[in-house]
Amino acid sequence: MGFTEEQNKYYVKAGTRLIQQQILRLMKNIPIVELQKIDAENTDTMKTRKILQRNLTETEFIEYSVWAWMLMQIQKNNE
């Protein structure tokens, strides 16, 4: 059973929004100074990873990684 094109757009939009909310929930634990570093160093994935690992628990970091991966998959599938 497939979705119509309109349903698919709705589910993608809703799913993307839910995932972004989960990522933001985790990011609230990170001090603003660290978030500014991530923003400034946006081009370097490894630096961003280190900042996130330093500021999130191991479980939060894994959860963040899963949500971020899911978001990338949705975005890639809708290009």
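**Entry 1: α2 against α3**

I began with helix α2 (residues 32–40) and helix α3 (residues 45–55), whose axes come within 9 Å and cross at roughly 165 degrees; axes here are lines fitted to C-alpha atoms, for helices over the stretch in contact, with angles running from 0 to 180 degrees between N-to-C directions. That angle makes α2 roughly antiparallel to α3, a term used for angles over 145 degrees. I noted that the contact (heavy atoms within 4.5 Å) is made by Glu 34, Lys 37 and Ile 38 of α2 and by Thr 48, Ile 51, Leu 52, Arg 54 and Asn 55 of α3. These residues divide into 3 nonpolar, 2 polar and 3 charged, where Ala, Val, Leu, Ile, Met, Phe, Trp, Tyr, Cys and Pro count as nonpolar, Asp, Glu, Lys and Arg as charged, and the others, Gly among them, as polar.

For the record, I am reading a predicted model, in which local features need pLDDT of at least 70 and side-chain atom pairs count only at pLDDT 80 or more, while totals for chains, interfaces and linings use all residues. Residues are numbered from 1 along each chain as its sequence is written, and side-chain values use heavy atoms, with hydrogens and water left out. Helices are DSSP runs (H or I, at least four residues), numbered from the N terminus.

**Entry 2: Ile 51**

I then looked up Ile 51, which is found in helix α3 and is buried, with a relative accessible area of 3%; buried means under 20% relative accessible area, taken with a 1.4 Å probe and protein chains only. Ile 51 and Ile 30 lie 21 residues apart in sequence and 9.0 Å apart in space, C-alpha to C-alpha.

**Entry 3: α1 and what covers it**

For helix α1 (residues 5–27), I checked the length: at 1.5 Å a residue its 23 residues should span 33 Å, and the end C-alpha atoms are 33 Å apart, which agrees; the expected span is 1.5 Å times one less than the number of residues. The buried residues in α1 are Ala 14, Gly 15, Thr 16, Ile 19, Ile 23, Leu 26 and Met 27, and what covers them includes α2, α3 and α4 (58–77).

**Entry 4: α1 against α4**

The axes of α1 and α4 come within 10 Å and cross at roughly 155 degrees, and the two helices are therefore roughly antiparallel to each other. I listed the residues that meet, including Ile 19, Ile 23 and Leu 26 in α1 and Tyr 64, Trp 67 and Leu 71 in α4. The residues of this contact divide into 11 nonpolar, 4 polar and 3 charged.

Notes: Angles under 35 degrees count as roughly parallel, over 145 as roughly antiparallel, 65 to 115 as roughly perpendicular and the rest as oblique. Buried means under 20% relative accessible area, exposed over 50%, partly exposed in between (1.4 Å probe, protein chains only).
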